[in-house]
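Trainee: Could we go through this model together? I would like to start with the overall picture and then turn to single residues.
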Amino acid sequence: MRAARKAVSFSLIHFAVGLAVAFALTGRLGLSLGVALVEPAVSAVIHFFYEHWEDRRHRGGGMFHPA
């Protein structure tokens, strides 16, 4: 249960930081909310492909080559 609380609290902090940075740069709340919502999703996709690349790199293959 501690891990779940930690994950939720980290997600909320990540969202708040993204919202604050986007608002500081744009001054527009609507745009800032959009950025704060989209950024974690984009990061998750990039992280997936990065992990895939790292796994293949350590096995001797490349991202687009069979391992």
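This is a predicted model: local features need pLDDT of at least 70, side-chain atom pairs count only at pLDDT 80 or more; totals for chains, interfaces and linings use all residues.

Trainee: How many helices and strands does the chain have?
Mentor: The chain has 2 helices and 0 strands. Both terms refer to DSSP runs numbered from the N terminus (helices: H or I, at least four residues; strands: E, at least two).

Trainee: And how much of the chain is buried?
Mentor: Of its 67 residues, 10% count as buried. Buried means under 20% relative accessible area, exposed over 50%, and partly exposed in between (1.4 Å probe, protein chains only).

Trainee: Where is Ser-32, and is it buried or exposed?
Mentor: Ser-32 belongs to helix 2, residues 29-59. Ser-32 is buried, at a relative accessible area of 0%.

Trainee: Which side chain does Ser-32 join in a polar contact?
Mentor: The side chain of Thr-26, at 3.2 Å. A polar contact is a pair of N or O atoms within 3.5 Å; within protein, one must be able to donate a hydrogen and the other to accept it, and residues adjacent in sequence count only if both atoms are side-chain atoms. Leaving aside neighbours within four places in sequence, Ser-32 is in contact (heavy atoms within 4.5 Å) with Leu-19, Ala-22, Phe-23 and Thr-26.

Trainee: Turning to helix 1, what span should it have?
Mentor: Its 25 residues should span 36 Å at 1.5 Å a residue, and the end C-alpha atoms are 36 Å apart, which agrees. The expected span is 1.5 Å times one less than the number of residues. Just after helix 1, Gly-27 has a positive phi of about 75°.

Trainee: How many salt bridges are there?
Mentor: The count comes to 1, where a salt bridge is a side-chain nitrogen of Lys or Arg within 4 Å of a carboxyl oxygen of Asp or Glu. The side chains of Glu-54 and Arg-57 form a salt bridge at 3.0 Å, N to O.

Trainee: Where do Glu-54 and Arg-57 lie?
Mentor: Both are in helix 2, 3 residues apart, about one turn of the helix. An α-helix has 3.6 residues a turn, so residues three or four places apart point the same way. Glu-54 is buried at 13% relative accessible area, whereas Arg-57 is partly exposed at 44%.

Terms used: Residues are numbered from 1 along each chain as its sequence is written. Side-chain values use heavy atoms; hydrogens and water are left out.
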